[in-house]
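Hello,

Please find the structure below. My notes on it come after.

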Amino acid sequence: MSGTVDQYGVVGHPVAHSLSPFIHAMFARQTGQTMAYRLFDFAPEEVDERIAAFFAQGGRGLNVTLPYKLAAVARATELTRRAQHAGAVNTLAMREDGTILGDNTDGVGLTQDLCVNQHLVVTRRRVLIIGAGGATRGVLAPLLGLEPELIVIANRTADRARALAAAFAQLGDVQGVGFRYIAGGAFDLVINATSASLTGEIPDVPVAVIGPDTFCYDMAYGKGDTPFVRWCMELGCRTAVSGWGMLVEQAAESFRLWRGVRPLTGPVLSALTAS
Ligand code: ATR
């Protein structure tokens, strides 16, 4: 790796669609940091060796996206607590002593968006997370850290929800159920963490979980409203937002880890959601 410019990038497969280069370029301009940030599409059979080579050649940091967030755990010398909880890594950072720190900024990206950008109070509120895959696992510890009254994880496959709830039971009141067994009426916050949006589907949860005052959050994002956001609005909830803020906030937290400065996220969010 040549030159004096610090090298960063995002590893995925495929990764061409990633907005991370755009986001980090805006952060770098805004904070006056000189750095390069590139896309790395590594095939599964070469990803371990290519990540190792990137750092061996002086690379400073990587974001890791699908499908490598779990595999990246083994590329780190040490994991942050939140990466340990998530069981997945979305950020690798070369440290002064030559060791590589593995972090997961997805959860703090979500809580930052909810609490700071959306001004939502989660403490002592009832939270429903739909889905029990990697996306849910990644955000559970930071969400429980906000001390909600209760987090219900509801999943199409109930066993996965129960297993995930059991794994986090020490951090707060968290329950796992199948869709049909979600009880207690409308929640204060409902988060869609399923991959149902990829196929334009809506998770088959009882409509009673969403009331007019429920804050609905879709971790997915796209041009215009996501199907889940549209569905929540049709059910009469006043606030339903998609996951653009989480995307930008998790990136800002990675940037802070690498460069020691936290960029402003508002201008980047505006640029991404304009038009
Ligand atoms: P990720 O890492 O994105 O969370 P994952 O581990 O494959 O991906 O998990 C996908 C989640 O979306 C799961 O909770 C899955 O439910 P199942 O465990 O029952 O498979 C959920 N999901 C995907 N498509 C769905 C759909 N059409 N309706 C409801 N849930 C869906």
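Predicted model: local features only at pLDDT ≥ 70, side-chain atom pairs only at ≥ 80, totals over all residues.

Residues are numbered from 1 along each chain as its sequence is written, and side-chain values use heavy atoms, with hydrogens and water left out.

Domains. The protein chain is split into domain 1 (6-104) and domain 2 (107-242); such bounds come from an automatic or database domain assignment. Their C-alpha centres are 27 Å apart. In contact (heavy atoms within 4.5 Å) are 6 residues of domain 1 and 8 residues of domain 2. The buried area between the two domains (accessible area, 1.4 Å probe, lost on being put together and summed over both) is about 490 Å², with 62% from carbon and sulfur atoms. On the domain 1 side, Arg-82, His-85 and Ala-86 supply 75% of the area buried against domain 2, more than any other three residues.

Ligand. There are 15 residues around the ligand (a heavy atom within 4 Å), and Ala-132, Asn-155, Arg-156, Thr-157 and Arg-160 come nearest. A polar backbone atom of Ala-132 is 2.9 Å from a ligand oxygen atom. For Ala-135, a backbone N or O atom lies 3.0 Å from an oxygen atom of the ligand. Arg-156 instead places a polar side-chain atom 2.9 Å from a ligand oxygen. The protein buries 76% of the 640 Å² that the ligand exposes when taken alone (Shrake-Rupley method, 1.4 Å probe).

Regards

How values were computed
Polar contact = N/O pair within 3.5 Å; in protein donor to acceptor, adjacent residues only side chain to side chain.
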